[in-house]
Amino acid sequence: MKSFLLVLVFTLCGFFASAQKQFSLRGSIYDADTKNLLPTVVVKLADNQSITNSSGFFVFNKIIAGRYSLQLQLQGYESQELIVSLVD
């Protein structure tokens with residue numbers, strides 16, 4: 001099975017809900033061996049799901065601080081799960 005390489009970018013958004021800061025979680029998914037960007041990777045974060053675009057990019061918006069399981073799935077690749085902590 002092939003492996004993923006994940007590049008994440010965390011950004012603090014200007015949104016405030018009930019005095020809680022909200023974040024955006026953005027990233028790109030690459031093939032670990034070839035370094036090619038991977039489209040159509042299913043990316044799950046808690047109850048949210050995204051699919052990478054043709055450039056291997058995904059984004060989750062309006063996420064409050066906390067600890068999350070980030071899951072990556074694509075046919076032909078080994079599924080991965082990472083723990084992501086967003087703190088303010």
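Modeller: Helices (H or I, at least four residues) and strands (E, at least two) are DSSP runs, numbered from the N terminus. The model is a predicted one, in which local features need pLDDT of at least 70 and side-chain atom pairs count only at pLDDT 80 or more, while totals for chains, interfaces and linings use all residues. Residues are numbered from 1 along each chain as its sequence is written, and side-chain values use heavy atoms, with hydrogens and water left out.

Colleague: In what order do the strands of the open sheet stand?

Modeller: Two strands count as paired if DSSP finds at least two bridges between them. The open sheet has four strands with antiparallel pairing, and their order is β4-β3-β6-β7.

Colleague: Why is one side of β4 and of β7 left without a neighbour in the sheet?

Modeller: β4 (48-51) and β7 (80-86) stand at the edges of the sheet. One side of each lacks a neighbour because each has a single partner strand.

Colleague: Which residue of β4 is the bridge partner of Val43?

Modeller: Strand β3 (residues 42-45) runs antiparallel to β4, and four bridges join them. In β4, the bridge partner of Val43 is Ser50.

Colleague: Which residue in the turn of the hairpin formed by β6 and β7 has a positive phi?

Modeller: Strand β6 (residues 66-73) pairs with β7 in the antiparallel sense over seven bridges, and Ser69 has Ile83 as its bridge partner in β7. Six residues lie between the two strands of this hairpin. The positive phi, about 90°, belongs to Gly76.

Colleague: Is Thr52 buried or exposed?

Modeller: Thr52 lies in the loop between β4 and β5 (57-64). Buried means under 20% relative accessible area, exposed over 50%, and partly exposed in between (1.4 Å probe, protein chains only). With a relative accessible area of 4%, Thr52 is therefore buried.

Colleague: Which backbone nitrogen does the side chain of Thr52 reach at 2.8 Å?

Modeller: A polar atom of the Thr52 side chain lies 2.9 Å from the backbone oxygen of Leu38. At 2.8 Å, the side chain of Thr52 reaches the backbone nitrogen of Val41.

Colleague: What is the relative accessibility of Asp88?

Modeller: Asp88 is placed in the segment after β7. The C-alpha atoms of Asp88 and Gln22 are separated by 8.8 Å, although the two are 66 residues apart along the chain. Asp88 counts as exposed because its relative accessibility is 61%.

Terms used
Polar contact = N/O pair within 3.5 Å; in protein donor to acceptor, adjacent residues only side chain to side chain.
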